[in-house]
Amino acid sequence: MNSGRTIVLDRTVPDFSTNSTAGVFRLSQQRGHIVVLYFYPKDNTPGCTTESQDFAAANDKFAAAGARIIGVSRDSLASHEKFRAKYELPFELACDADESLCTLFAVIKQKKMYGKSVRGIERSTFLIDAQGVLRREWRGLKVAGHVDEVLQAVLALA
């Protein structure tokens, strides 16, 4: 398993639960639905806001294909609630303050910010099929065009 990751393409993702804006999110309770899990660095930052708005704009298309979108960051539930309300996001946001999901999906990286090295979430998206198997992953992605690419991958599974 690469770099300590416990998730592997074309294998079942281990069950997990985490607090979200809709209560407790548990992966095993999503069986029968495709899950789009996107990790982003921080609420209310430019790239993360654009990415979340792009997912929100396409939410009906994802839902029609049987997919549920869940955004994940290390922000608090209070921060997520404000972010979700401000941008009218139609999906839940999960709080990963203890970095357990970030660790499971190996998305914590050393990044450069204003010339300094900081530890943070590498923008990443994971596509989990209706049986709980990881089918696609996008790591270190650019926001522009990303949601359309994920939607095409979801439609290919549906």
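Analyst: The structure holds 0 disulfides, a disulfide being a pair of cysteine sulfur atoms within 2.5 Å. This is a predicted model, in which local features need pLDDT of at least 70 and side-chain atom pairs count only at pLDDT 80 or more, while totals for chains, interfaces and linings use all residues. Residues are numbered from 1 along each chain as its sequence is written, and side-chain values use heavy atoms, with hydrogens and water left out.

User: Changing topic: which phi does Asn 44 have, and where does Asn 44 lie?

Analyst: Asn 44 is not a glycine, yet its phi is positive, about 60°. Most residues other than glycine have a negative phi. Asn 44 sits in the loop between strand E3 (34-39) and helix H1 (46-57); helices (H or I, at least four residues) and strands (E, at least two) are DSSP runs numbered from the N terminus. Its relative accessibility is 38%, so Asn 44 counts as partly exposed.

User: Glu 99, then: buried or exposed?

Analyst: Glu 99 counts as buried, because its relative accessibility is 14%. Glu 99 also has a positive phi, about 65°, and lies in the loop between strand E5 (92-95) and helix H4 (100-104).

User: Now helix H5. Which residues of H5 are buried?

Analyst: His 146, Val 147, Val 150, Leu 151, Ala 153 and Val 154 are buried in H5. They cover an arc of only 160° around the axis, which puts them on the same side of H5; the arc is that of the directions from the helix axis to the C-beta atoms.

User: What does the opposite face carry?

Analyst: The face turned away from the buried side of H5 carries the exposed residues Asp 148, Gln 152 and Ala 156.

User: What covers the buried residues of H5?

Analyst: The covering elements include E3, H1, helix H2 (59-64), strand E4 (67-73), strand E8 (124-128) and strand E9 (134-139), where contact means heavy atoms within 4.5 Å.

Definitions and conventions:
Buried < 20%, exposed > 50% of the residue type's maximum accessible area, 1.4 Å probe, protein only.
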